[in-house]
Amino acid sequence: MFIKTQLILLALISVVLSQTDDEESFLFVTKQTVNRFIVQDKDLTVKYGLYNSGPTTIFNVNLNDVLSYPFEKYDILVGTLTPKWERINAGSNLTHVVVLKPKQSGISNSSRATVTYQKSEKNTEVQKTYSSEIGDVYIMTAREYDRRFSSHIIDWVLFTAMASPCIVFPFFLWFKSKSKYESLLSKDKQTKKAQ
Amino acid sequence: YSIIYFVSGENCESPQFTVNSYSTKDARLTAESAAQLEISVKCKNGKQPGTLYADINGHVIPCAQSVSSPGKYYVSVATSTHKHLAKGSTIVKLYDDEAYSTLRKARTDDAIKAVKPFGQVELSHPGASYGPWLPSEFFAVIVFGLIWWTAYRERSKILA
């Protein structure tokens, strides 16, 4: 019984080891956003990280993320959604940054980016892999963001303009009566001195 | 004379770079910093350099090229915190295929420094701002506070 389990275990381990081919490399692609908030008409920065694990160089790497960000919903400000690299060396990390501007607000889902590459320069067999995804995101309207973060100076100027009648009008009344009172007081003093 | 030209006709002569630089400037909107340089290269003899490699902060990475718009090279940097992306100008050296292979073969630091780069561009990052130092509410409170205080003073004079 014990030997049977040992044999099964040994068989499993050998199968697993033979599957992992350490001659070939594998490309991991992560897709993240550096934004804390995604706001309509403000920059949305997406960062793609490509990592070549494994001992060999990979060639002709093409990343395509056009499907996640269709033209009607997003503007591309900086970068390209279809970058390509001739080669990525073994064990090296690459980053690619794309800055988009969402045109609509609400909940939006962006799918994964597709990456194709060749494992060797001569073998044109193309390997396809997918990046991680950001998932459902909530794009807030510019008003919501401004309510929390803008400098509000214009709001305060308007507030002062609206509050000023309440302040200026009584001040003016008081000032008028005060100056009248003071002029009367000075006239009294003058007549008293004269007497 | 013509033979020399034949040999060097493959390479890009006296390249001119037009650079579009972007970096995350709003630290309230973004949690990490990211920057990108979009470089367009113009050569005297009209050829495009094949692959370009960029030396940024000591890392030499291949530049991305765009499938949809050829002739543009992209160099991207992403850091984990806003402080890690250096403020001001960072010099990025560019190497083409030849220079890159020379760089890879160089073993000593001196030899690495002796490799002549294909070109040099700058990444300027004005820094990520967290918003104005003093919020506008602070000034509003001060102004209205002063108005209230003057009125209160006059009122106590009248009542006294």
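Author: Strand 6 of chain A pairs with strand 5 (residues 64–66) of chain B in the antiparallel sense, over 2 bridges. Within this pairing, Pro83(A) has Ser66(B) as its bridge partner. The model is predicted.

Pro83(A) is also in contact with Asn62(A), whose contacts beyond four places in sequence include Lys84(A) and, from the other chain, Val67(B). Asn62(A) itself belongs to strand 4 (residues 58–64) of chain A. Asn62(A) counts as partly exposed because its relative accessibility is 24%, which falls between the limits of 20% for buried and 50% for exposed.

As for the interface as a whole, 37 residues of chain A are in contact with 39 residues of chain B. About 3100 Å² is buried between the two chains, and carbon and sulfur atoms give 59% of that area. On the side of chain A, the residues that lose the most area to chain B are Val34(A), Arg36(A) and Trp156(A), together 17% of what that side buries.

Polar contacts link 17 residue pairs between chain A and chain B, both residues at pLDDT 80 or more. The rule finds 2 salt bridges across the interface; one of them joins the side chains of Lys47(A) and Glu32(B), at 3.0 Å from N to O. Among the elements of chain A that give two or more residues to the side touching chain B are strand 3 (44–53), strand 6 (83–88) and helix 3 (153–194). Helix 3 of chain A provides the largest share, 7 residues. By class, that side of chain A has 16 nonpolar, 13 polar and 8 charged residues.

Notes: Residues numbered from 1 in each chain as written. Chains lettered and ligands numbered in written order. Predicted model: local features only at pLDDT ≥ 70, side-chain atom pairs only at ≥ 80, totals over all residues. Heavy atoms only, no water. Helix = DSSP H or I, 4+ residues; strand = E, 2+ residues; numbered from the N terminus. Buried < 20%, exposed > 50% of the residue type's maximum accessible area, 1.4 Å probe, protein only. Contact = heavy atoms within 4.5 Å. Buried area = accessible area lost by both parts, 1.4 Å probe. Salt bridge = Lys/Arg side-chain N within 4 Å of Asp/Glu carboxyl O. Polar contact = N/O pair within 3.5 Å; in protein donor to acceptor, adjacent residues only side chain to side chain. Nonpolar A, V, L, I, M, F, W, Y, C, P; charged D, E, K, R; others polar. Pairing = 2+ DSSP bridges.
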